[in-house]
Amino acid sequence: MTYLHNIGAYFLMIAEMFRKPTKWSVMKQLILKDIDDLIIGSLGIVAFIAFFVGGVVTIQTALNIDNPLIPKYLVGFATRQSIILEFAPTFISIIMAGKVGSFITSSIGTMRVTEQIDALEVMGINSLNYLVFPKFIALMLYPFVISIAMFLGILGGMAACVYGGFSSLEDYIVGIQMDFIPFHIAYAFIKTFVFAFLLATIPSFHGYYMKGGALEVGKASTTSFVWTSVAIILLNYLLTQMLLSA
């Protein structure tokens, strides 16, 4: 019953988030601050992980298809498919659930503990719109982060492939271009928008409705990471089934 109660409270929170909007002059500053914290602040770790994991994917692919009858350009093809379809949208989103999700939960949870949310309510401000909506809008730029992860993942794969001596640059580029289906990019970005919504709302829910003190803020951050990751993996399965199996 607790799970059902939390699911219901989550959807009610989403509905409340769009009611009684804060003045645009105030909201604009909140959105810009959240873009800086959530998007720009995440570029470094995303770029680092994408580049090196792209290299690892390429090395493992090359080592597993070392049969001389298999053409070398399949290394680039397999790397492209792995990064665009799964690694960039899903794997990066789970990492972001730890980084961004914990930040959102701890910041809102701290406001709850220090009664700043109660002060907003007393002033007649819709605290959910004030706190959660800017994060939701900021994370609509999340596909920009994923596009950088895709590019750097393929670039890292190219560097590992060429400098590791697994295949030539020409073969790798041929593999990247071979049988490219543009819908795969659309599929990746559809998933990315859904995951961005989860990254904005689930950690906010756990921060907003937490009870207790400083210790409970840490527990809420851990719980939000777990449930955000679970939701991302479940929706990843459902979206893949709906979008690619047709």
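1. Aromatic pairs. The model is a predicted one. Twelve aromatic pairs are found in the structure. One of them joins Y3 and W227, whose ring centres are 5.7 Å apart. The planes of these two rings meet at 65°, and since an angle over 60 degrees counts as edge-to-face, the Y3 and W227 pair is classed as edge-to-face. This pair links distant parts of the chain, with Y3 in helix α1 and W227 in helix α11, 224 residues apart. Y3 is exposed, because its relative accessible area is 59% and the cut-off for exposed is over 50%. W227 has a relative accessibility of 39% and therefore counts as partly exposed.

2. F48 is exposed at 52% relative accessible area, whereas F52, at 48%, is partly exposed. The two values fall on either side of the 50% cut-off, so the two labels should be read together with the percentages.

3. The nonpolar patch. Which residues make the nonpolar surface patch of about 910 Å²? They are Y3, L4, I7, F11, F225, V226, W227, V230 and L234. Two elements give two or more residues to this patch, namely α1 (2-17) and α11 (214-244). Helix α11 gives the most, with five residues. Y3 and W227, the edge-to-face pair of point 1, are both members of the patch.

4. Ring pairs link Y10, F11, F205, Y208 and Y209 into a cluster. F11 is also one of the residues of the nonpolar patch. The charged end of R112 sits over the ring of Y208, 4.7 Å from the ring centre. The side chain of R112 also meets that of D118 in a salt bridge, at 3.4 Å from N to O. R112 counts as partly exposed because its relative accessibility is 22%. D118 is partly exposed as well, with a relative accessible area of 36%.

5. Other salt bridges. The count of salt bridges comes to five. Among them is the bridge between E86 and K191, whose closest N and O atoms are 2.9 Å apart. E86 lies in helix α4 (residues 74-113) and K191 in helix α10 (residues 183-208), so this bridge ties together parts that are 105 residues apart in sequence. Are its two partners buried or exposed? E86 counts as partly exposed, at 31% relative accessibility, while K191 is buried, with a relative accessible area of 0%. R19 and E16 form another salt bridge, with 2.7 Å between the closest N and O atoms. Both of these residues count as partly exposed, R19 at 47% and E16 at 27%.

6. The chain as a whole. How many helices and strands does the protein chain have? There are eleven helices and zero strands. The C-alpha trace spans about 70 × 35 × 35 Å along its principal axes. Of the 246 residues, 43% count as buried. I146, in helix α8 (residues 142-163), is a buried residue with a relative accessible area of 0%. The C-alpha atoms of I146 and I84 are separated by 9.2 Å, although the two residues are 62 residues apart along the chain.

7. The UniProt record. An unreviewed UniProt entry lists residues 38-63, 83-104, 136-164, 185-205 and 225-244 under "transmembrane region". In the model, residues 38-63 are 88% helix and 0% strand, and the C-alpha atoms at the ends of this span are 37 Å apart. The span 185-205 is 100% helix and 0% strand, with 30 Å between its end C-alpha atoms.

Definitions and conventions: Residues are numbered from 1 along each chain as its sequence is written. This is a predicted model: local features need pLDDT of at least 70, side-chain atom pairs count only at pLDDT 80 or more; totals for chains, interfaces and linings use all residues. Side-chain values use heavy atoms; hydrogens and water are left out. Patches are made of residues with over 30% relative accessible area and no salt bridge: like charges are joined within 9 Å, nonpolar side chains (Val, Leu, Ile, Met, Phe, Trp, Tyr) within 5 Å. Accessible areas come from the Shrake-Rupley method with a 1.4 Å probe; for residues, only the protein chains shown count as cover. A salt bridge is a side-chain nitrogen of Lys or Arg within 4 Å of a carboxyl oxygen of Asp or Glu. Helices (H or I, at least four residues) and strands (E, at least two) are DSSP runs, numbered from the N terminus. UniProt positions are given in the numbering used here, feature names are shortened, and annotations may be inferred rather than shown by experiment. Rings of Phe, Tyr and Trp (its six-membered ring) pair if their centres lie within 6.5 Å; planes under 30 degrees apart count as stacked, over 60 as edge-to-face and the rest as tilted. Buried means under 20% relative accessible area, exposed over 50%, partly exposed in between (1.4 Å probe, protein chains only). A charge sits over a ring if NZ of Lys or CZ of Arg is within 6 Å of the ring centre and within 35 degrees of the ring normal.
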